Amino acid sequence: MKNRKQINLGLQGGGAHGAFTWGVLDRLLQEDDLEICGMSGTSAGALNGAALKAGMVTGGRAGARENLEWLWHEVAGVTDLRMADWMAPFGLNVLSSQIEFSWPYQFSEQLTRVLSPYGYGPFYRNPLEDIVAKLNYDKVCALEPPLFFVGATRVRNGKIRIFEGAEIGPKALMASACLPTVFRAIEMYDETTGRNEAFWDGGYTGNPALFPLYDSGLPDDVVIININPLERDEIPTTPQAIANRINEISFNSSLLRELRAIEFVQRLLDEGTLETGSKSRVRMHMIADDNLMAQLSAATKMVPNATVIKRLKDAGTEAAELFLRTDIDNIGKRSSIDLKEMFS
């Protein structure tokens, strides 16, 4: 019998592109000897984490997979994603362009530049509200593993706020996914400051936040499921491409800062500047598909197209399969990411 491998998950945010993470999680949950001990999620990553946790507590691995499928059918607005197969002949780049240059999306983009979400009056509505209200928070907040952390950005001071345990409710999940040009800030009482606070998307300060996973009771292996491309070879030249790359860089910057800090500490440990045991030697791994994500844009993050969601889910499954073939044996031994090379 194989030794059980224990991991933590860093679940990145990225709107509807979080369907890629769904595919990854669905495949990992089929590995009986792989145990998910902790999760830190932002935006779509927080939604994925909440669905997995509630399903896991209720019905084990099968329950987690079923709950993730329910979540993304809700996001896509369909009961069966196979109905999206009629658009199969179109490539993702074609579908992305069709959405990005469609008049409804172009109109909504222009509207966000001149009208605040607070200007909609009685017509304002957060579309996530109905979805997050259906989650079972007794299960999401349960003490059973995996431990679950949700990141949001406190508007007043620009600091990250990590919600955990009983703090995680519908407002915390909506706060984690609150893009300020699209949604009104989520307001709630914050016990850490003792006052009512407003929150925006957690991606600005932690996408995802990794530091909650450094708990001594959790394993030292962190698998980041990355859905914002770290690299694009082509220099963006059109207004849409420039705005899209700015979006990707912005939502990767906090993750890169944390990875750089990890690399710095590990270098000090290697040099003997820090005593072994004074700091944890975290082992980092990543599941991503930058080539696939490079075919998409910010438009497909904002518009949950059923065909794109199905393609992303399938791609996430394939990426997880590749990780299980090539990197799974590194768990418990060494990092799969060369952080020194990443920042050289």
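Predicted model: local features only at pLDDT ≥ 70, side-chain atom pairs only at ≥ 80, totals over all residues.

Residues are numbered from 1 along each chain as its sequence is written, and side-chain values use heavy atoms, with hydrogens and water left out.

**Stop 1: the strands.** Select residues 5-11, strand β1, and 34-42, strand β2: they run parallel, joined by seven bridges. Strands here are DSSP E runs of at least two residues, helices are H or I runs of at least four, and both are numbered from the N terminus; two strands pair if DSSP finds at least two bridges between them. Show Gly 10 and you'll find Ser 40 of β2 opposite. Eight of the nine residues in β2 are buried (buried is under 20% relative accessible area, exposed over 50%, partly exposed in between, with a 1.4 Å probe and protein chains only).

Stop 2: Now pick α2, residues 44-76. Where does α2 bend? Look at Gly 59, where the bend is about 145 degrees, taken as the angle between axes fitted to the seven residues ending there and the seven starting there. Just after α2, Gly 77 has a positive phi of about 75 degrees.

Stop 3: Next, go to the second largest pocket, about 570 Å³ in volume. Of its 23 lining residues, Arg 232, Glu 234, Ala 241, Asn 244 and Ala 294 are closest to the centre. On a 1 Å grid over the protein atoms alone, a pocket is an open set of points with protein on both sides within 12 Å along at least five of seven lines, a cavity is a set where a 1.4 Å probe fits but cannot get out, and lining residues have an atom within 4 Å of a point.

**Stop 4: the cavity.** A search of the whole structure turns up one cavity of 30 Å³ or more. Residues lining the largest cavity include His 17, Arg 232, Asn 244 and Lys 301.

**Last stop: a loop.** Finish on Val 155, in the loop between β3 (147-154) and β4 (160-164). Val 155 is partly exposed, because its relative accessible area is 30%.

Terms used
Points joined across faces, edges and corners; volume = space filled by probe spheres on them.
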